[in-house]
Amino acid sequence: QVQLVESGGGLAQAGGSLRLSCAASGSIFSIRAMGWYRQGPGKQREFVADLTSSSSTNYADSVEGRFTISRDNAKNTVYLQMNSLKPEDTAVYYCNAVVVVPTPIRVLEVWGQGTLVTVSS
C-alpha cells in the first residue's frame, strides 16, 4: 500500500509565499511522476504542476513563473514552492503520484488527502 502525506498549507497574504511538501511511503518500486492538483471553492479539480522521473516539469499556465516543483528522490518527496500568491490560488491542494509497486508489479495512481491554502487579499 502506498500513501501520500501532504504538509505546508496554511494562510498567506497576496504576494506572499508558501511551500507544500508531499512524502510518499509504502511498498514502492519506483515513482514515474509526482505532482500537484488543486480544487478551489466551487470549482473542479485542476492540474497545477508535475515532475516526471526524467526530471521533466509541467505547469499550468496560471502558475507558470510563480510556482516551482522539485523533488528529493532519496526521500520520495515532492515540493511545490509557491511565490507571488494570488487570492485565486486559494484551494485545497492535492498531491498525486504515479508509482510502480512490486509483487505483483503494477502501476498505481495515488492521491493525498489534500492541504488547504488560503490567500488573503
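Strands S4 (residues 30-39) and S5 (residues 46-52) run antiparallel and are joined by six bridges. The model is predicted, so local features need pLDDT of at least 70 and side-chain atom pairs count only at pLDDT 80 or more, while totals for chains, interfaces and linings use all residues. Residues are numbered from 1 along each chain as its sequence is written, and side-chain values use heavy atoms, without hydrogens and water.

- Strands are DSSP runs (E, at least two residues), numbered from the N terminus. Two of them pair if DSSP finds at least two bridges between them.
- Met34 stands opposite Leu51 in S5.
- Six residues lie between S4 and S5 in their hairpin. Gly42, in the turn, has a positive phi of about 70 degrees.
- S5 also pairs with S6 (residues 57-59), in the antiparallel sense, over three bridges.
- Leu51 has Thr57 as its bridge partner in S6.
- The hairpin of S5 and S6 has four residues between the strands. Ser55 there takes a positive phi near 70 degrees.

**The disulfide**

- A search of the whole structure finds one disulfide (cysteine sulfur atoms within 2.5 Å).
- This disulfide joins Cys22 to Cys95, with S to S at 2.0 Å.
- Cys22 lies in strand S3 (residues 18-26) and Cys95 in strand S9 (residues 91-101), so the pair ties together parts 73 residues apart in sequence.
- The link of Cys22 and Cys95 is left-handed, with -85 degrees about the S-S bond.
- Cys22 and Cys95 are both buried (under 20% relative accessible area, 1.4 Å probe, protein chains only).

Terms used:
Buried < 20%, exposed > 50% of the residue type's maximum accessible area, 1.4 Å probe, protein only.
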